[in-house]
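Colleague: I am new to this structure and would like to learn how to read it. Please show it to me and take the features one by one.

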Amino acid sequence: MGLLAGGATIFPLKTNPAPLQIQLQLTFVPNFQLYGSISCALTMFLAIVDNACYQGAVQSYGLQKQRVQLNSISKAMRTRRLGSVGRQKKGAIRCNIELQDFIGGDLIKPDLGQWLSDVEEHKAIAIYSPHEGGYEGRYLTRLKYQGYHFLDLSARGLGDPETTLTKFHPVCPAHVGKQPIARWYFPPEVDYRLSLLPPDAKGLVVWIIEAKVLSKAELQFLALLPTLRPNVRVIAECGNWRKFMWKPLKEISGLSQ
């Protein structure tokens with residue numbers, strides 16, 4: 001109890017702090033076991049996540065390292081391959097421009113005289129023309145100017161050259177499953193064409209395309225055909241070459257030996 005400045009009496013308030021302390025103890029007392037288990041679980045979870053991240057980083061780094069190694073190996077192999085190709089091309093490629101590249105190789109070759117003399121001398125010629133074609137027409141036209149007539153045949157489907165060209169030979173037309181199987185006989189191709197030649201004709205040229213499929217015996221018969229028929233000349237396309245060239249057919253078939 002005390003006195004104020006004006007003489008008033010001060011009475012102290014009666015308080016009971018024990019219930020408040022008990023309430024505070026009941027409210028704010030922490031549960032250390034629960035907190036410990038939660039913190040342990042969090043620590044284990046963080047450790048697992050950290051380990052997984054580390055393993056993923058290691059794997060990604062290993063894959064990236066392998067990818068880098070593969071890229072370097074493939075680049076080295078590509079460089080080596082290109083280098084080898086470049087070295088091969090240095091000795092293989094030749095770029096030459098000549099007059100025939102602008103005018104045409106078949107227009108400036110002065111070999112028509114040699115061509116005519118070889119045809120008259122050997123009477124059976126094997127020719128080799130470029131793959132693009134067209135060059136052989138110049139030599140065919142020159143023979144036509146000399147008075148020769150032509151019999152164009154394909155070696156594919158020719159059959160036996162001796163029978164087809166010099167004898168009566170049977171031909172079985174396609175019946176297509178609807179007509180009876182028949183056999184027709186045709187006259188010899190060479191003899192029939194020789195009988196139809198005009199009086200002023202110089203002879204008959206048997207021009208055979210795709211003769212490269214013929215056997216050696218068939219080529220030998222074609223080489224001997226001018227001997228059996230003196231007015232006949234044989235030209236056989238036996239292959240292809242970079243420029244137009246020819247050789248005696250007896251040399252190709254092995255009769256020259």
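**Reading the sheet and its surroundings**

Modeller: Strand E7 (residues 203-209) and strand E8 (residues 232-240) are paired in the parallel sense, over five bridges. Two strands count as paired if DSSP finds at least two bridges between them. Within this pair, Val205 stands opposite Arg233 in E8.

Colleague: What should I know about the model before going further?

Modeller: This is a predicted model, where local features need pLDDT of at least 70, side-chain atom pairs count only at pLDDT 80 or more, and totals for chains, interfaces and linings use all residues. Residues are numbered from 1 along each chain as its sequence is written, and side-chain values use heavy atoms, with hydrogens and water left out.

Colleague: How do strands pair in general, and what is the order of the strands in the open sheet?

Modeller: Strands of a sheet pair through backbone hydrogen bonds, either parallel or antiparallel. Here five strands form an open sheet with mixed pairing, in the order E4-E7-E8-E3-E9. Strand E4 (148-154) and strand E9 (245-248) are the edge strands, each pairing on one side only. From one strand to the next, the twist averages 25 degrees.

Colleague: Which strands does helix H4 lie across?

Modeller: Helix H4 (residues 112-122) lies across E3, E4, E8 and E9, and runs at about 140 degrees to E3. Helix H8 (residues 216-228) also packs on the sheet, where it touches E3, E7 and E8, and its direction makes about 150 degrees with that of E8. Such angles run from 0 to 180 degrees between N-to-C directions, with axes fitted as lines to C-alpha atoms, for helices over the stretch in contact. Contact means heavy atoms within 4.5 Å.

Colleague: Is Ser129 buried or exposed?

Modeller: Buried means under 20% relative accessible area, exposed means over 50%, and partly exposed lies in between (1.4 Å probe, protein chains only). Ser129 counts as buried because its relative accessibility is 6%. Ser129 belongs to strand E3 (residues 124-129). Beyond its neighbours within four places in sequence, Ser129 is in contact with Glu136, Gly239, Asn240, Trp241 and Phe244.

Colleague: What does Leu153 touch?

Modeller: Leu153 lies in strand E4 and is buried, with a relative accessible area of 18%. Not counting residues up to four places away in sequence, Leu153 touches Leu158, Leu165, Val206, Trp207, Ile208 and Ile209.

Colleague: How many disulfides are there?

Modeller: A disulfide is a covalent bond between the sulfur atoms of two cysteines. The search counts a pair of cysteine sulfur atoms within 2.5 Å, and over the whole structure it finds zero disulfides. As for cysteines, Cys172 is partly exposed at 48% relative accessibility, whereas Cys238 is buried at 13%.

Colleague: Where is confidence lowest, and where is it highest?

Modeller: pLDDT is the predictor's confidence in each residue, from 0 to 100. Where pLDDT is low, the predicted coordinates should not be read in detail. Confidence is lowest in helix H1 (residues 17-28), at a mean of 43, and highest in E7, at 95. Over residues 10-29 pLDDT stays under 50, and the model has seven contacts for them beyond four places in sequence. The protein averages a pLDDT of 77, and 61% of the residues score at least 70.

Definitions and conventions: Helices (H or I, at least four residues) and strands (E, at least two) are DSSP runs, numbered from the N terminus.
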